[in-house]
Amino acid sequence: MTRVAAVDLGTNSTRLLVADVDGGQLEEIARRLTITRLGEGVDGRRRLLPVPIARVRNCLTDYRRELEALGAERTLAVATSAVRDAENGEAFLGEIEWSYGFTTRLLAGEEEAAMMVRGVTAGRPPLDDVLVVDIGGGSTELVLAADGEVATATSLDVGCVRLTERFLGSDPPSRPELAAAGAYVRSLLPQLEAASAIGVAGTVTTLATLDLGDAEFDLCARPESAPADSGRAKFAEAWPARTHGHRLQLAAVEEQLERLAAMTLDERLAVPGIEPGRAAVIVAGIVVLREVMATYGLAEIEASERDILHGAVLAAAELPEPEEGAAPPGAYTCC
């Protein structure tokens with residue numbers, strides 16, 4: 001058994017998972033999530049901006065301190081849409097590798113799909129004729145799994161952050177804005193068929209929480225964000241147990257879209273179960289999910305608390321022992 005860590009450098013959030021891995025099985029030790037908005041402005045400028053980079057660096061300083069305290073032997077940091085699309089993305093990863101000692105990997109769309117399916121299927125039977133939907137901040141991954149393998153994978157250039165920045169400028173968003181956002185998502189969806197679907201990442205798990213009506217399971221209860229001294233830390237293990245495997249009906253998704261789209265940002269910030277950093281982009285995320293389910297005739301979707309982060313921690317266990325060496329190509333230091 002090997003204790004390793006994985007970091008997901010996402011468009012909207014930066015996440016950490018420390019786990020004990022034995023073959024294809026893993027046991028979570030700690031999970032954290034911080035809304036860092038690394039992809040802020042990337043859609044328009046095609047660059048990672050200084051302030052979002054600083055937010056991620058501050059977050060990674062805390063994560064490194066924690067994973068070292070927990071005894072993680074090696075760490076794999078994976079980057080997806082925002083870093084892929086940014087002109088300075090590789091230089092950013094070089095800095096992360098040099099500054100924090102993490103192994104970094106910029107995932108192409110196909111690699112992201114395979115790693116996500118690997119994470120989703122950890123601890124469960126192989127998927128067959130199942131559409132896995134991963135709504136990120138900058139992109140949405142649609143992966144059709146058959147016989148436990150990736151049959152087809154499509155990466156759509158739209159996620160909750162990108163869709164918000166492009167279409168939902170009003171507070172609350174207007175009906176024409178919502179209609180335009182939905183039409184844009186529909187225009188990107190490929191033709192495919194699946195018997196069932198699994199949804200991963202924050203939009204789906206947040207909707208599962210709202211659908212369950214667990215007001216007491218708010219941000220402080222989530223295992224990846226609960227402070228050690230939180231009065232609700234006792235709920236940390238129960239949260240994923242309640243949302244993992246929950247089946248969201250299309251009608252419930254549409255109901256939540258209607259409800260949350262009518263609220264201002266301040267009103268959404270007050271809704272139990274919605275992380276503060278997700279309140280600004282949750283409506284766009286639900287638009288993506290609604291269009292995917294409606295287009296493919298999916299009456300329901302299963303929420304999964306296991307996703308690409310779990311696939312990354314399995315990959316981290318396969319890394320060679322770290323070696324001291326020179327700075328990786330493109331690395332730089334700024335502070």
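**Charge pairs**

I began with Arg175, which forms a salt bridge with Glu258, the closest N and O atoms being 2.6 Å apart. I count a salt bridge when a side-chain nitrogen of Lys or Arg lies within 4 Å of a carboxyl oxygen of Asp or Glu. Arg175 sits in helix H7 and Glu258 in helix H10, so the pair ties together parts 83 residues apart in sequence. Arg175 is exposed, at 57% relative accessible area. Glu258 counts as partly exposed at 44% relative accessibility. My cut-offs are under 20% relative accessible area for buried, over 50% for exposed, and partly exposed in between (1.4 Å probe, protein chains only).

I noted a network next: salt bridges that share partners join Asp85, Asp157, Arg162 and Arg166.

Before going on, I recorded that this is a predicted model, where local features need pLDDT of at least 70 and side-chain atom pairs count only at pLDDT 80 or more, while totals for chains, interfaces and linings use all residues. Residues are numbered from 1 along each chain as its sequence is written, and side-chain values use heavy atoms, with hydrogens and water left out.

Glu68 and Arg64 meet in a salt bridge through their side chains (3.0 Å, N to O). Both lie in helix H2 (residues 50–69), four residues apart, about one turn of the helix. An α-helix has 3.6 residues a turn, so residues three or four places apart point the same way. Glu68 is partly exposed at 49% relative accessibility, and Arg64 is partly exposed at 27%.

Glu73 and Arg74 also form a salt bridge, with 3.8 Å between the closest N and O atoms. Is Arg74 buried or exposed? Arg74 is buried, with a relative accessible area of 9%. Glu73 counts as partly exposed at 42%. My search of the whole structure gave 24 salt bridges.

**Chain totals**

I counted 13 helices and eleven strands in the chain. Helices (H or I, at least four residues) and strands (E, at least two) are DSSP runs, numbered from the N terminus. Of the 335 residues, 53% count as buried. The accessible surface is about 13900 Å², and 49% of it belongs to carbon and sulfur atoms. I took these areas from the Shrake-Rupley method with a 1.4 Å probe; for residues, only the protein chains shown count as cover.

**Helix H8**

How many of the eleven residues of helix H8 (residues 202–212) are buried? Nine are, so H8 is largely enclosed by the rest of the structure. The buried residues include Gly202, Val204 and Leu210. Just after H8, Gly213 takes a positive phi of about 75 degrees.

**Cores**

I define a nonpolar core as a set of buried Ala, Val, Leu, Ile, Met, Phe, Trp, Tyr and Cys residues joined through side-chain atoms within 4.5 Å. The largest has 46 residues, and Leu131 and Leu260 touch the most other members. Several elements each supply at least two residues of this core, among them strand S6 (130–135), H8 and helix H10 (250–261). H12 gives the largest share, nine residues.

I checked the contacts of Leu260 (heavy atoms within 4.5 Å). Leaving out residues up to four places away in sequence, Leu260 touches Leu210, Arg268, Val271, Ile274, Ile282, Val283 and Ile286.
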